[in-house]
Amino acid sequence: MPGSIPASLSVEAPVAGTPVVVAPRKAQRFSPGLEAWRRFRRHRLAMASSVVLLLIVVAIALGPLLWRVPINEIDFAAKLEGPSWAHPLGTDDLGQDVLARLLYGGRVSLAVGLCAMLVASFVGVLIGSLAGMSRGSVDAVLMWLADFFLSLPALPLLLLIIYLFREALKNLLGPEGGIFVMIVIVIGGLRWMPVARLVRAQILSIREKEFVEAARALGASKLRQVVRHILPNALGPVIVAGTIDVAAAIIAESTLSFLGLGFPPDIPTWGRVLFDAKDYLDIAPHWALFPGAAIFFTVLAINFIGDGLRDALDPRRVM
Amino acid sequence: MADTLLDIRGLKTWFKTDDGMVRAVDGVDLHIDRGETVGVVGESGCGKTVTARSVLKLIDMPPGRFEAGQILWQGRDLIPLDQDEMNKIRAREIAIVFQEPMTSLNPVYTVGDQIAEVIALHQRLNRKQAIEGAAEMLRLVNIPNAQRRVHDYPHQFSGGMRQRVMIAMALSCQPKLLIADEPTTALDVTIQAQILELMQEMKERFGMAILLITHAMGVVAETCQRVTVMYAGKVVEEAPVEALFGDPRHPYTQGLIRSIPRVDRAAEKKQRLEAIPGTVPSLLEPPPGCRFAARCRYVSEICVRDMPPLKEVGPGHYVRCVL
């Protein structure tokens, strides 16, 4: 009956004064990234660590511009001095300013950590994906290779490689660049195995998920399945492992430098400063204390951030 | 015969396991004409899903293997094709919808992205056009606020809605055949009806054929024109839907129809649901005779000895039984 329609409208007429607005849904997008960030923010230790790490990064990025004491200004009159206004972190045995050296060295240390992590993650993801997707003999050989690398004693191998290739690379890329590239490749190249195994395990489980089969059924090639569908779902644990790898790489670089095999003395990485300071522990403890503290806090902060990320990226955790 | 789209002839898909060959699909014949809805029914493990996946070659090889047979898609055999050639047929000509809508969507992308990906993969379109196409598809499958919901993630959709998204995704390239592998099994009854209705509607709109795999006889009765009943890797009966329900010839089919739960009878007499006694024979070394013999109430000596052939008992009605 046509009359019934206006009748029902007139009932609503009094309300019509206030326009009926369909409340626009809040512009909140529950993307997985935002969701993870929300959870990460609740992790106090990780947030505090992020602030600490940010401060360290800002300090080493901007510090040398503000603290304009040259890192290699030798002043024998002020050698092995404790902290003072002129030298807030004291001086070393040549009277060089420790603060300036640490600010500069931090760049190298962090850059090495970051680059080594990138190398390790790249190689690890590549090999892990290959192994996980191919199964059969390729998988077996690649995992055997990973086990082989895992079973090698890392430090003696590092020493051997550095001993063999240092001169060649130095000639090729210059003393600083050559050493940097070598250390990054050596540290990164010996840390890909855990990432590879992690990625492989993730792929083995995710490739059986229905959405991957659905993608396959709708004509996605193998490469597309891995890059678009499997890897983004496997990324969480890889990011966490990567974070912790940065810390491990910083330690490894410090170890190498401490053993005198890393960067030359004129590039004061944190490990190198520690190495130079070790003979004066009894008369100038501050010299070793500050680079040690720098390494300690950086690594600790990165590890806590990794912890926070793991909690944030673990989808089972509902908060 | 009408325009045949898909013609499966004597398909044998076997799986190699540590215990021996599992003959999951053991000589199945099935054909679908253009615009037709064909149901495949049978209990779990009878080979209906393997048949469906064989058509799109989604069987992992190894351990799976096509032992024999042909899958003729518009006269062209799909079995020798490699994955690249299959990818041109998938989605564009034959698409599939799976059972589990909750896990069939990638959790890290918006549904629009996922539908757009399929569209962009098969048609030369830029991203914006593809996303628009995705929104259009969502609107077609009756998702309210499609324009906005394209940007939502799968976890923001309910099961029924996700199945609609899956259907939208499968239909985004207008395939000629939609394989629906138990599309409603994971959904509750009202949603089931909606999804079936939607598939019917889509079928009429796009003029495609549907291969409906299910174990629910009610679903078959509602939607299909022809039905194939499978048991232990073999077709035991094939008939137009009226003939199958009106005059089921195979004892297994009769058992299946008797075991449909009936609300009215259960309430009246509190009678127990009828079931077919026994279990499915092992597909490792199936018995030489009729595979249903061990559970059949009419079993005779000849049933155990030889596999009965598929014989015609009415127009388009075939049954694999000596009775």
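These questions and answers walk through a predicted model with chains A and B.

Q: Which radius of gyration does chain B have, against that of a compact globule with 323 residues?
A: A compact globule with 323 residues would have a radius of gyration near 20 Å. The value for chain B agrees with this. Its C-alpha atoms fill a box of roughly 65 × 55 × 45 Å along the principal axes. The radius of gyration of chain B is 21 Å.

Q: What share of the contacts in chain B with a separation of 6 or more comes from residues 24 or more positions apart?
A: Take the contacts in chain B with a separation of 6 or more. Then pick out those between residues 24 or more positions apart. They account for 64%.

Q: Which strands stand at the edges of the open sheet of 8 strands in chain B?
A: The order in this sheet is β6-β7-β8-β3-β9-β10-β12-β11, with mixed pairing. Each edge strand has a single partner, so one side of it is left without a neighbour in the sheet. From one strand to the next, the twist averages 20°. The edge strands are β6 (94–97) and β11 (311–314) of chain B.

Q: Which strands pair with β3(B), and in which sense?
A: β3(B) covers residues 37–41. On one pairing, Thr37(B) stands opposite Ile210(B) in β8(B), and 5 bridges hold the parallel pair. On another, Gly39(B) stands opposite Val227(B) in β9(B), with 4 bridges. The partners are β8(B), parallel, and β9(B), also parallel.

Q: Why is β3(B) described as largely enclosed by the rest of the structure?
A: Thr37(B), Gly39(B) and Val41(B) point one way from the strand. Val38(B) and Val40(B) point the other way, and all are buried. β3(B) is largely enclosed because the buried residues number 5 of the 5.

Q: Which residue takes a positive phi in the hairpin of β11(B) and β12(B)?
A: These two strands run antiparallel and are joined by 3 bridges. Lys311(B) has Val319(B) as its bridge partner, and Gly314(B) has His317(B). The hairpin has 2 residues between the strands. The one with a positive phi, near 70°, is Gly316(B).

Q: Which strands stand at the edges of the open sheet of 4 strands in chain B?
A: This sheet has the order β2-β1-β4-β5, with antiparallel pairing. β1 (residues 4–17) joins β2(B) over 10 bridges, and Thr4(B) is partnered there with Asp33(B). Each edge strand has a single partner strand, so one side lacks a neighbour in the sheet. The edge strands are β2 (20–33) and β5 (76–77) of chain B.

Q: Which element gives the most to the side of chain A that touches chain B?
A: The contact takes 18 residues from chain A and 22 residues from chain B. On the chain A side, α9 (210–217) and α10 (222–258) each supply at least two residues. By class, that side has 8 nonpolar, 5 polar and 5 charged residues. The top contributor, with 6 residues, is α9(A).

Q: How many charged residues are in the contact of α8(A) with α10(A)?
A: These helices pack at an angle of about 150°, with their axes 9 Å apart, and the crossing is right-handed. Residues that meet include Leu198(A) and Ile203(A) in α8(A), and Ile230(A) and Val238(A) in α10(A). By class, the contact has 11 nonpolar and 2 polar residues. The number of charged residues is none.

Conventions: Residues numbered from 1 in each chain as written. Chains lettered and ligands numbered in written order. Predicted model: local features only at pLDDT ≥ 70, side-chain atom pairs only at ≥ 80, totals over all residues. Rg over C-alpha atoms; globule rule 2.2 N^0.38 Å. Contact = placed C-beta atoms within 7 Å. Pairing = 2+ DSSP bridges. Axes fitted to C-alpha atoms, helices over the stretch in contact; angles between N-to-C directions. Buried ≥ 20, exposed ≤ 12 C-beta atoms within 10 Å, placed from the backbone. Nonpolar A, V, L, I, M, F, W, Y, C, P; charged D, E, K, R; others polar. Left-handed = near helix turned anticlockwise from the far one by under 90°.
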